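Thanks for joining, everyone. I'll walk through one model today, starting with the ligands and then moving to the sheets.

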Amino acid sequence: MLGAPGAGKGTQAALLAERLGMPHVASGDLFRDHIKRGTDLGKKVKKFMDAGALVPDDVTIAMVSDRLTQPDSKEGVILDGFPRTRAQAEALDKMLAKKGGSVAAALYIDVDREELIKRLSGRWVCSEQSDHVYHEVAKPPKTAGICDIDGAPLIQRDDDKAETIRARMEKQLPPMFEVVDHYADRGVLNTVEGDKPMDAVTIALLHCVNAPAVSRSSKPAA
Ligand code: ADP
Ligand code: ADP
């Protein structure tokens, strides 16, 4: 899942993971979990995240590679926020080739810059699990300030402050476009218009991976 900060990667990856029965592996969530647990890796990466910079490739690649060795990843995963540089994309290709696999589809959610800023500045996330994501206008929780799923308080991410949003765009968009080119060159890139309502984006993404838009367990319309 590729896209600028705020494009909707996390929101859509969680839905796709559920629909396709695959784990949702988000590099940002893995980093935040390390920071929360106070691990050495967490201490190392915090300053990069706070500055809106990318975490160095070696640290990021090692962390994701380790996650992909877990048994639940055997049949595939939805990767969200990784790879974010050409070096990461090449490392992922090598990692998967060793297991006889490859990237089946690179899904790029394309969103206008002004809309990205609106999304990031209105984003609220669960304080317990940062992949429970809300938006004060587009996806408000049922009770203000409380996660619908686990009842934990919602918080705004430190890196969703205006100046860090600007830094993330400046530092992270150029390498992201190189990753988009990398997958275009390999013939697996699918670009989806992300400036649409969440449901429309989900349908477009499911179409890209040849999954039916309606869950098999849903009842047909009367
Ligand atoms: P967003 O959802 O807003 O795009 P993420 O939650 O994916 O942000 O990532 C938060 C931060 O974690 C990034 O701004 C960056 O500092 C770091 N990060 C996440 N994934 C990567 C990656 N693949 N390479 C380097 N840094 C990363
Ligand atoms: P990313 O992981 O790419 O940074 P998120 O999934 O966290 O993006 O979404 C960023 C913000 O935008 C969240 O507040 C989310 O609720 C909201 N959002 C996601 N998709 C849409 C959409 N299609 N329309 C409006 N808001 C959206």
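Let's begin with the shell around ligand 1. Its residues divide into 7 nonpolar, 6 polar and 7 charged. Keep in mind that this is a predicted model.

Who is in that shell? 20 residues surround ligand 1. The closest are Ser 27, Arg 32, Ala 53, Arg 84 and Arg 168.

Now the elements behind them. Helix α2, residues 27-37, and helix α7, residues 162-185, each give at least two residues to the shell of ligand 1. Which element gives the largest share? That is α2, with 4 residues.

On to the polar contacts of ligand 1. Take Ser 27. An N or O atom in the Ser 27 side chain is 2.8 Å from a nitrogen atom of ligand 1. Next, the backbone. An oxygen atom of ligand 1 lies 2.6 Å from a backbone N or O atom of Ala 53. A polar backbone atom of Gly 81 is 2.9 Å from a nitrogen atom of ligand 1.

How much of ligand 1 does the protein cover? On its own, ligand 1 has 560 Å² of accessible area, and the protein covers 97% of that. The space that ligand 1 takes is the largest pocket.

One backbone detail before we leave this part. The peptide bond from Phe 82 to Pro 83 is cis, and its omega is near 0°. Where does Pro 83 lie? Pro 83 is in the loop between β3, residues 78-80, and α5, residues 86-98.

Now ligand 2. There are 17 residues around ligand 2. Lys 9, Thr 11, Arg 123, Tyr 134 and Lys 196 come nearest. By class, the shell of ligand 2 splits into 8 nonpolar, 5 polar and 4 charged residues. Helix α1, residues 9-20, and strand β6, residues 133-135, each supply at least two residues of that shell.

- Gly 6: a backbone N or O atom, 2.8 Å from an oxygen atom of ligand 2.
- Lys 9: an N or O atom in the side chain, 2.8 Å from an oxygen atom of ligand 2.
- Thr 11: an N or O atom in the side chain, 2.6 Å from an oxygen atom of ligand 2.

And burial? Ligand 2 exposes 560 Å² when taken alone, and the protein buries 93% of that. As for its site, ligand 2 sits in the largest pocket.

Arg 123 takes us to the sheets. Strand β5 covers residues 123-126, and Arg 123 stands opposite His 135 in β6. Strands β5 and β6 run antiparallel and are joined by 3 bridges. They form a hairpin, with 6 residues between them.

Strand β5 has another partner. It pairs with β7 in the antiparallel sense, over 2 bridges. Here Val 125 stands opposite Ile 155 in β7.

Strands of a sheet pair through backbone hydrogen bonds, either parallel or antiparallel.

Here is the parallel case. An open sheet of 3 strands has the order β1-β4-β8, and its pairing is parallel. The edge strands are β1, residues 2-3, and β8, residues 189-193, and each pairs on one side only.

How many bridges link β4 and β8? Strand β4, residues 106-110, pairs with β8 over 5 bridges, in the parallel sense. Which residue of β8 is the bridge partner of Tyr 108? That is Thr 191.

How values were computed:
Residues are numbered from 1 along each chain as its sequence is written. Chains are lettered from A and ligands numbered from 1 in the order in which they are written. This is a predicted model: local features need pLDDT of at least 70, side-chain atom pairs count only at pLDDT 80 or more; totals for chains, interfaces and linings use all residues. Side-chain values use heavy atoms; hydrogens and water are left out. A residue is near a molecule or strand if one of its heavy atoms lies within 4 Å of it. A polar contact is a pair of N or O atoms within 3.5 Å; within protein, one must be able to donate a hydrogen and the other to accept it, and residues adjacent in sequence count only if both atoms are side-chain atoms. Accessible areas come from the Shrake-Rupley method with a 1.4 Å probe; for residues, only the protein chains shown count as cover. On a 1 Å grid over the protein atoms alone, a cavity is a set of points where a 1.4 Å probe fits but cannot get out, and a pocket is an open set with protein on both sides within 12 Å along at least five of seven lines; lining residues have an atom within 4 Å of a point. A molecule sits in a cavity or pocket if more than half of its atoms lie within 2 Å of its grid points. Ala, Val, Leu, Ile, Met, Phe, Trp, Tyr, Cys and Pro count as nonpolar, Asp, Glu, Lys and Arg as charged, and the others, Gly among them, as polar. Two strands pair if DSSP finds at least two bridges between them.
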